[in-house]
Amino acid sequence: MPDTFDIEIATPARLLAREKAVRSQITAKDGFIGVLPDHAALLSELGIGALTYTTPEDHRFSIAIYGGFLEINDNVVRVLSDVAEKGQEIDVTAAEKDLKHAQDAMVNPALGIDIASALSAARHAQARIDAARKAVNKEE
């Protein structure tokens, strides 16, 4: 049994990560997927949330992801996200303002924003906040 797997995380615009990992937690459309070496083959749709992974040197990384696809096969995890941001690149203050604005829109229909759009914006902002906080607390 191998001790690591390869993880590749990309968007159509850029490659965010390509390295060895010992574990990962990935937000799928219907919940979280925990990944360890020798994970069974899998193809899944991504959700909106924070993806985390840990390298063999125990460095922990967090990336906010927003939809896309996940493939796991032969100890290679490939994440192709529609949009993704590294946790350390996220402005938490701006994300918190976006979350507050989305929450206000959900409870005040007079603002003219439909509930589905406001909910999506809130989930997006919360994913950014979660990824940024995990990056601050875990990465070296």
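Predicted model: local features only at pLDDT ≥ 70, side-chain atom pairs only at ≥ 80, totals over all residues.
**Exercise 1. Salt bridges**

Solution. Residues are numbered from 1 along each chain as its sequence is written, and side-chain values use heavy atoms, with hydrogens and water left out.

Step 1. Take R14 and E89. Their closest N and O atoms are 2.8 Å apart. R14 lies in the loop between β1 and β2, and E89 in the loop between β8 and α1 (92-107), so the pair ties together parts 75 residues apart in sequence. Helices (H or I, at least four residues) and strands (E, at least two) are DSSP runs, numbered from the N terminus.

Step 2. Check how open these two residues are. Buried means under 20% relative accessible area, exposed over 50%, and partly exposed in between (1.4 Å probe, protein chains only). R14 has 35% relative accessibility, so it counts as partly exposed. E89 is partly exposed too, at 44%.

Step 3. Take R23 and D58. Here the closest N and O atoms are 3.7 Å apart. R23 sits in strand β3 and D58 in the loop between β6 and β7, 35 residues apart. R23 is partly exposed at 36%. D58 is partly exposed at 35%.

Step 4. Take D98 and R128. Their closest N and O atoms are 3.7 Å apart. The pair links helix α1, which holds D98, to helix α2, which holds R128, over 30 residues. D98 is partly exposed at 41%, whereas R128 is buried at 12%.

Step 5. Look for shared partners. Salt bridges of this kind join E8, R18, E71 and R78 into one network.

**Exercise 2. Strand pairing**

Task: work out how the strands pair, and find the hairpins.

Solution. Two strands pair if DSSP finds at least two bridges between them.

Step 1. Start with β3 (residues 23-28) and β4 (residues 31-35). They pair in the antiparallel sense over 5 bridges. Q25 has G34 in β4 as its bridge partner. A hairpin of 2 residues joins the two strands.

Step 2. Move to β7. β5 (residues 42-45) pairs with β7 in the antiparallel sense over 4 bridges. E45 has F69 in β7 as its bridge partner.

Step 3. L51 stands opposite I63 in β7. The hairpin of β6 and β7 has 5 residues between the strands, and D58 in the turn has a positive phi of about 70°.

Step 4. β7 and β8 pair in the antiparallel sense over 10 bridges. A64 stands opposite E85 in β8. Their hairpin has 2 residues between the strands, and D74 takes a positive phi near 50°.

**Exercise 3. Cores and rings**

Task: which residues have the most contacts inside the largest nonpolar core?

Solution. A nonpolar core is a set of buried Ala, Val, Leu, Ile, Met, Phe, Trp, Tyr and Cys residues joined through side-chain atoms within 4.5 Å.

Step 1. The largest core has 20 residues; I9, I26, Y53, L70, V77 and V79 have the most contacts inside it. Elements giving two or more residues include β1 (5-10), β2 (15-21) and β8 (76-86). β7 gives the most, with 4 residues.

Step 2. Turn to the rings. The structure holds 1 aromatic pair. Rings of Phe, Tyr and Trp (its six-membered ring) pair if their centres lie within 6.5 Å; planes under 30 degrees apart count as stacked, over 60 as edge-to-face and the rest as tilted. Y53 and F61 have ring centres 5.3 Å apart and planes at 25°, so the pair is stacked. Y53 is buried at 3% relative accessibility, whereas F61 is partly exposed at 24%.

**Exercise 4. Confidence**

Task: where is confidence lowest, and where is it highest?

Solution. pLDDT is the predictor's confidence in each residue, from 0 to 100. The protein averages 91, and 95% of the residues score at least 70. Confidence is lowest in helix α2 (residues 115-138), at a mean of 86, and highest in β1, at 98.

Conventions: Salt bridge = Lys/Arg side-chain N within 4 Å of Asp/Glu carboxyl O.
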